[in-house]
Amino acid sequence: MLWLRGAQPIQSLARAGITHSKDPQTGSGSRGLCAIAGEILARYTSIPEEILAQELAAEQG
């Protein structure tokens, strides 16, 4: 599952960036990474992208 090995580190980096960012620009980029991870996961699972986005946004980094 190459797609999962790709999505997990992207999500991890995004969560760390969102959690530790003091600059809104950095947080914005990290949220973009989080969205990319969600798109990857939605493409290869049966979970709708909207549900994944909510779940990923709720995770603590």
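Of the 61 residues in the chain, 23% are buried. Buried means under 20% relative accessible area, exposed means over 50%, and partly exposed lies in between (1.4 Å probe, protein chains only). The model is predicted, so local features need pLDDT of at least 70 and side-chain atom pairs count only at pLDDT 80 or more, while totals for chains, interfaces and linings use all residues. Residues are numbered from 1 along each chain as its sequence is written, and side-chain values use heavy atoms, with hydrogens and water left out.

The chain has three helices and zero strands. Its elements follow the pattern α-α-α along the sequence. Helices (H or I, at least four residues) and strands (E, at least two) are DSSP runs, numbered from the N terminus. The C-alpha trace spans about 35 × 20 × 15 Å along its principal axes. The accessible surface comes to about 4,300 Å². Carbon and sulfur atoms hold 58% of that surface. Accessible areas come from the Shrake-Rupley method with a 1.4 Å probe; for residues, only the protein chains shown count as cover. Among contacts in the chain with a separation of 6 or more, 45% join residues 24 or more positions apart. Contact means heavy atoms within 4.5 Å.

In soluble globular proteins, nonpolar side chains tend to be buried together. Here, the largest nonpolar core has seven residues: Ala7, Ala14, Cys34, Leu41, Ala42, Leu52 and Leu56. Helices α1 (2-20), α2 (24-44) and α3 (49-58) each supply at least two residues of this core. The largest share, three residues, comes from α2. A nonpolar core is a set of buried Ala, Val, Leu, Ile, Met, Phe, Trp, Tyr and Cys residues joined through side-chain atoms within 4.5 Å.

Cys34 is in contact with Gln11, Ala14, Arg15 and Leu56, leaving aside its neighbours within four places in sequence. Leu52 is found in helix α3. Leu52 counts as buried because its relative accessibility is 9%. Setting aside neighbours within four places, Leu52 is in contact with Gly38, Leu41, Ala42, Thr45 and Ile47. Leu52 and Leu41 are 11 residues apart in sequence, and their C-alpha atoms are 7.7 Å apart in space.

Ser30 is placed in helix α2, and Ile18 is found in helix α1. Ser30 is buried, because its relative accessible area is 7%. Beyond its neighbours within four places in sequence, Ser30 is in contact with Ala14, Gly17 and Ile18. Ile18 has a relative accessible area of 23%, so this residue is partly exposed. Residues up to four places away not counted, Ile18 touches Gly27, Ser30 and Arg31.

Glu59 lies in the segment after α3. With a relative accessible area of 37%, Glu59 is partly exposed. Glu59 touches Gln11 and Arg15, not counting residues up to four places away in sequence. Glu59 and Gln11 are 48 residues apart in sequence, yet 9.7 Å apart in space, C-alpha to C-alpha.

Some nonpolar residues lie on the surface. Leu13, Leu33 and Ile36 form a nonpolar patch there, with about 260 Å² of accessible area together. Patches are made of residues with over 30% relative accessible area and no salt bridge; like charges are joined within 9 Å, nonpolar side chains (Val, Leu, Ile, Met, Phe, Trp, Tyr) within 5 Å. A salt bridge is a side-chain nitrogen of Lys or Arg within 4 Å of a carboxyl oxygen of Asp or Glu. Leu13 has its place in helix α1. Its relative accessible area is 58%, so Leu13 is exposed.
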